[in-house]
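Please look through the structure below before reading on.

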Amino acid sequence: MLVAAALTIGLSSQVSSRDQIKIVGSSTVYPFATVVAERFGKTSGFKTPVIESTGSGGGLKLFCAGLGTEHPDITNASRRIKMKEVKKCTKNGVTDITEIKVGFDGIAMANAKSAPMLELTLKDVYLALAKDVPADPEGNTVKPNPYKMWNEVNPALPAKPIVVIGPPPTSGTRDAFNELAIERGCKKFPGRKALKKSNKKLYKKQCRSVREDGPFVEAGENDNLIIEKLVADPNALGVFGYSFLDQNRDKVKAAKVDGVFPEFEAISSGKYPVSRSLFFYVKNAHASVIPGVKEYVREFTASKAIGNDGYLVPKGLIPLPEGERAKFEKDGKSLAKFDAKVLQKK
Amino acid sequence: MHLKLSKNTEKDMSKNTELISKSLEKRHRSEKRFRFFGILGIGTAVIFLITILSSIFVEGKGAFKSTFIQLEINFDQEIIDPNKTNNPEEFKFANYKLLINDALKNYFPEVKDRKTFRDLSVFISSAAEQNLMKLAMENIEIIGESKKIWLLASSTIDVIHKNPQMENFLEEDRLINNIQMSWFNALKKNGDIKFGLNTNFLSNADSTEPEQAGILGSMLGSFFTLLVTLLLCFPVAVASGVFLEELAPKNKFTDFIEININNLAAVPSIIFGLLGLAIFLNVMHLPRSAPIVGGMVLALMTLPTIIISTRASLKAVPPSIREAAIGLGATKFQAVTHHVIPQSMPGILTGTIIGMSQALGESAPLLMIGMVAFIVDIPGSLTDSATVLPVQIYLWKSTAARGFVELTAAGIMVLLTFLVIMNSVAVFVRQKFEKKW
């Protein structure tokens, strides 16, 4: 106990100041942030930032817990911050944050190389994976999802059982998948679309919920595991980020969604329907206290990192249009305060 | 009468013998079955063990070598030392990538346009730039000269080099395109590509580039964490074990404590992580991701294990030793410290080592206190950010880049080596010092 006491006393002086950036957040942004951090550590003379992969939601929770050296300085997110999280931040004194968009990521649906290629539409994805599906052709009423085979969803698809392996609800990838794939497929039914106006809460619940009766398998925040499962089971379809598809082209192949493959050009132009933006958020109050925060933001927003020829592009990042990148580079330099009003407009 | 009886007994006896000889066969059969199932069980376990170990070894052995490419580097003074200072400190600011690019262009003069050259420049790892810088700084006389040098290849080329069958794959299934493959074959034909020892693996911490990633950072992280665990755990656990076993009165209160300690040993380790987050980080404001906090959390987890083994080995010391000491006028405290503890030390140490190797393999509680993180700087103290061996293995396993597959297996080999060493020490200590009463 004496040892513990001595160690604790010896520490207290060190705790008050920290000379290393701490970053938390999305597992999708993690592989990009680590590359930036490593380069930053090698070239800038500052210590290399420490990065934890906690998932977007987990990262924002830690980020918004308060000001002070025990809280992280930056959080990565594979979706935009939510109003709820902004409020939590404000309550804990984190009022001044900067939002930086770093690029796009496509969410690929892929199966094993040995399996036949699938051509899906968002409607097929919705019908195969939603918890409740329309009971009538217009989509005015719903019933629990009865489909077990792909050809029950769409006769053009093979007569194979529906098995989809995807990330858990804490993942930003899952949030984006629910919103971009399931919900958009849901909107194809006029009755469902009408529900959005009349009862938004029920609409969100019914159009963003993934079925829990077996065909959708949650695989944890580990995309490599999903790839291994796909190789082992040719009937299974996996849901994961574009960078993992790019690294494992010898093992899996992507399905077309609404007639488009998740390829570099298609995602950056917005043609591929299931793509989202990647962000990170900076705690402005920390930027003047923790050495290197401003410089790290500069490194991450620089053209040499996330520009069209940037070093993150071979790692699977899909770059922003040059004008947008320049805007965020400026925001990063001046640490422009994030205005939560933009969230309400939506 | 008598005769009749004996006749009957004889009959009974022969009947019994018959019965016994019949059942004997049955009993022998059942014993054989029992043996068979025992051997089957052990055999299955051994097969599983061999499969696991050999698959790890087969996958991981590649990680100990990396690919090197030989290029003729021209140490151009214009690039390294444009101001002609001849001061090695000035060399730090040069762009060594240009030297490598020039060498590649000389080797493959047919590569002209920028886009094709980009495909070529991925052959060499970015770590090679630092090596060239070091070389130039240590040997000033090399400036202005040309020299053939083996440079570290990138992980992609390393994967191709280690898996020759990939050459026959379709272009889109391979990690490199057909032109890159032809360059690779040209290098191979000229003998300018070879395997060398992967020194980065044992001298670096984590990296995003597989060829530069190493295990040293997490090894030191594990060392610092276990150091804290041992320093906190051993004295506290031995003291409480001795007190409870030898000195404490037997009453409801000590019974209650004993039950609690036994229950603590069965608590899932993640709970200790939550406790660490709530108390060490949020109340005591200790730094996140630091080995000191990790060590404290693991100490909580290991305490019951050591207390229980301490008490068990104290119990094994016969009461006659204590009685003899007290009979000769020793106090209870003297009897315990002079006689009982030294006799039970092998058992206590064995328990401690086994508790430590449990702590070495633990990763779940460390997730909560931020030790599951990407950390490039090698930790130098208890408060530096660090990660531990099992966490490093997990992080590599979940990375996309192909080169990390063999690193993961190699990391497991390192972790297993340490566990085997620690457990053999435990066995050795027990056999060497154990007393039979």
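In chain B, Leu99(B) has its place in helix 3, which covers residues 96–107. This is a predicted model, and that should be kept in mind for everything described here.

The domain assignment of chain A gives domain 1, made of 19–104 + 276–345, and domain 2, made of 106–275. The C-alpha centres of domain 1 and domain 2 of chain A lie 29 Å apart, and where these domains meet, 17 residues of domain 1 are in contact with 16 residues of domain 2. Between them, domain 1 and domain 2 of chain A bury about 1200 Å², of which 56% is on carbon and sulfur atoms. On the side of domain 1, the residues that lose the most area to domain 2 are Phe104(A), Arg276(A) and Ile318(A), which together account for 46% of what that side buries.

Staying in chain A, the reader can turn to a pair of helices, helix 5 (residues 122–129) and helix 7 (residues 172–187), whose axes come within 7 Å and cross at roughly 100°. Because angles of 65 to 115 degrees count as roughly perpendicular, helix 5 of chain A is roughly perpendicular to helix 7 of chain A. By class, the contact of these helices has 9 nonpolar, 1 polar and 2 charged residues. Helix 5 of chain A brings Leu122(A), Lys123(A), Val125(A), Tyr126(A) and Leu129(A) to this contact, while the residues they meet in helix 7 of chain A include Phe177(A), Leu180(A), Arg184(A) and Gly185(A).

In chain B, how is Leu99(B) placed, buried or exposed? Leu99(B) has 2% relative accessibility and therefore counts as buried, since the limit for buried is under 20%. Not counting residues up to four places away in sequence, Leu99(B) touches Ile73(B), Asn74(B), Phe75(B), Asp76(B), Ile79(B), Ile80(B) and Leu132(B). Leu99(B) and Ser385(B), by comparison, are 286 residues apart in sequence and 35 Å apart in space, C-alpha to C-alpha.

A second residue of chain B, Ser344(B), is found in helix 14, which covers residues 332–360. With 1% relative accessibility, Ser344(B) also counts as buried, and once its neighbours within four places in sequence are left aside, Ser344(B) is in contact with Ser313(B), Leu314(B) and Val317(B).

Conventions: Residues are numbered from 1 along each chain as its sequence is written. Chains are lettered from A and ligands numbered from 1 in the order in which they are written. This is a predicted model: local features need pLDDT of at least 70, side-chain atom pairs count only at pLDDT 80 or more; totals for chains, interfaces and linings use all residues. Side-chain values use heavy atoms; hydrogens and water are left out. Helices (H or I, at least four residues) and strands (E, at least two) are DSSP runs, numbered from the N terminus. Buried means under 20% relative accessible area, exposed over 50%, partly exposed in between (1.4 Å probe, protein chains only). Contact means heavy atoms within 4.5 Å. Axes are lines fitted to C-alpha atoms, for helices over the stretch in contact, and angles run from 0 to 180 degrees between N-to-C directions. Angles under 35 degrees count as roughly parallel, over 145 as roughly antiparallel, 65 to 115 as roughly perpendicular and the rest as oblique. Ala, Val, Leu, Ile, Met, Phe, Trp, Tyr, Cys and Pro count as nonpolar, Asp, Glu, Lys and Arg as charged, and the others, Gly among them, as polar. Domain bounds come from an automatic or database domain assignment. Buried area is the accessible area (1.4 Å probe) that two parts lose on being put together, summed over both.
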